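Hello,

Here is the structure for you to look at. My notes follow below it.

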Amino acid sequence: MKSVDYESVMARRNETMLSALGLDYAPFLQHPVTFDYEALMAQVAYSLDAVREIQACAGVGDTALIELRQINRLVRKLAPKGRGARIFVKDEAANPSGSYKARRAALSLHHAKASGFKGAVAATSGNYGAAVASQAAMRGLDCIVVQEVFDSLGIGQPEIVEKGRACEVYGAEVLQLSVGPELFYQFLRVLEETGYFNASLYTPYAIAGVEPLGVEIVEQMKAATGAAPDAVICTHAGGGNLTGTARGLIKAGASACKVIAASVDLAGLHMASDTDFNRKHFTTGHTGFGIPFAGWPDRTDVPRNAARALRYMDRYLLVKQGEVFYVTEALARLEGLERGPAGNIALAAAIALAQEMNADQTIVVQETEYAGAGKQPSAQLSFARDRGIDIRRGDPEDEVPGTSVVIPDHPSRLKLRDVDLPRVRKSLIRKAKGMMPEGSALNQEDIDFLAAETRSVPQFVRDCLKAMSDR
Ligand SMILES: Cc1ncc(COP(=O)(O)O)c(C=O)c1O
């Protein structure tokens, strides 16, 4: 019998994780920083066409691309003359389980079944749990979802509680936990006890599963407008959404298309804090994940994260909570599309961005998600009001995360706010430098790797390293 106290379970974490993944990360761990990212992605044993076929068999993908005609009229009214790009949205809510996460789960679960696993485990409080549960159900696999739901008072955010119910509807067993470090411990214990597949969000399979989304965008935009889009906006948290989509765009030949990240600004709230846990009104697509994952992706349940968003991001925009609630209502009232919050984060950014771009340009918001009761603005805002959050109309610029939600009093209040990407890049380079053992320096190969990691050039990396050693 293996002992199951916290220290013993944690000490076995590497062997537990590896046997539950069916992937060999050893070749990618020989250096503390540098590894061959494309070789990691090439571990996926299926071509892009094969991935699309596997997903089609599971009812995943090939979602509609919708032009937001009424919103586009509004944008033209707000924009200076000659400006106002056309916005289109990929209706990912049409996937089984209601979000793009079905793409991420489909290939992993196909691989799990093909590798002989009897079930799959996912540690997530988000849409991914429902996606894994749904894909497992389709394939006759067992599914266990380990979910962080409650604060220490036993209170759960409406969206997270709803997602737990969704997982159960698909037949998954759901282990509901309160916020804190026990999530990972419980996850490891479940993997050890069951021998099930670790359906991690961050394996090459999970990312390759998103690539067809980028390919579909190019194909559908070419059919609709004669050209690939000028910009694609992705709601960004852990980075898989953006990474997979961007890789798909490149595979479809649209390398010139700008890839833009968008997150809700939750500056000042601590994600692991019991008291802040229920003072945020978005469960994903916010800066609490988005900034740390862009600045250092290897903070997950796999040794090397296949989601490396900073490699692909041309720009990173922030929106306010109040703006997203407003845009959620606008999408329903103007376009007749009631959709959940995640995609509307990117849409809020798109409405501001479109006013900066020319009228003959196009933007694709690359996802919607389903709108269940716990995802509606009314549920989130009632929950916020019960926690003493000040909810009012006005200028969202005045919003203070955890204290107020300010719903725009006019659509012209939707603003562009850029994250300082050079700063995020420098922070990644600093962290990489800190990973090197005492006395060993980063060589040319490492500098090239870091330039790719940060979507910069070797000279930028060298300048950053020099500035750090001069200090
Ligand atoms: C519907 C939806 N959109 C976007 C995201 C963000 O994706 P990522 O974490 O890969 O950046 C999530 C993640 O939770 C999601 O569930």
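This is a predicted model: local features need pLDDT of at least 70, side-chain atom pairs count only at pLDDT 80 or more; totals for chains, interfaces and linings use all residues.

Which strands does helix H15 (residues 341-354) lie across? H15 lies across E2, strand E7 (231-235), E8, E9 and E10. Against E7, the helix runs at about 145°.

**The sheet**

Those strands belong to an open sheet of six. The order is E1-E2-E10-E7-E8-E9, and the pairing is mixed. Strand E1 (65-67) and E9 are the edge strands, each pairing on one side only. On average, neighbouring strands are turned by 25° against each other, direction ignored.

Strand E2 (residues 86-90) and strand E10 (residues 362-365) run parallel, joined by four bridges.

**Helix H13**

Next, go to helix H13 (residues 287-295). Seven of its nine residues are buried, so the helix counts as mostly covered. The buried ones are Thr-287, Gly-288, Gly-290, Ile-291, Phe-293, Ala-294 and Gly-295. What covers them? The cover includes two strands of the sheet, E8 (258-264) and E9 (315-319). Helix H17 (421-435) is also part of the cover.

**Domains and ligand**

Where does the ligand lie? Domain 1 and domain 2 both give residues to the shell around the ligand, so the ligand lies between them. The shell has 18 residues. The closest are Ala-237, Gly-238, Gly-240, Asn-241 and Thr-284. By type, the shell holds four nonpolar, 11 polar and three charged residues.

**His-410**

One last residue. His-410 sits in the loop between strand E12 (404-408) and H17. Is His-410 buried or exposed? His-410 has 11, so it is exposed. From His-410 to Glu-162 the C-alpha to C-alpha distance is 31 Å, and the two are 248 residues apart in sequence.

Best wishes

Notes. Residues are numbered from 1 along each chain as its sequence is written. A residue is buried if 20 or more other C-beta atoms lie within 10 Å of its own, exposed if 12 or fewer, and partly exposed in between; C-beta atoms are placed from the backbone. Two residues are in contact if their C-beta atoms, placed from the backbone, lie within 7 Å. Two strands pair if DSSP finds at least two bridges between them. Axes are lines fitted to C-alpha atoms, for helices over the stretch in contact, and angles run from 0 to 180 degrees between N-to-C directions. A residue is near a molecule or strand if its C-beta atom, placed from the backbone, lies within 6 Å of it. Ala, Val, Leu, Ile, Met, Phe, Trp, Tyr, Cys and Pro count as nonpolar, Asp, Glu, Lys and Arg as charged, and the others, Gly among them, as polar. Domain bounds come from an automatic or database domain assignment.
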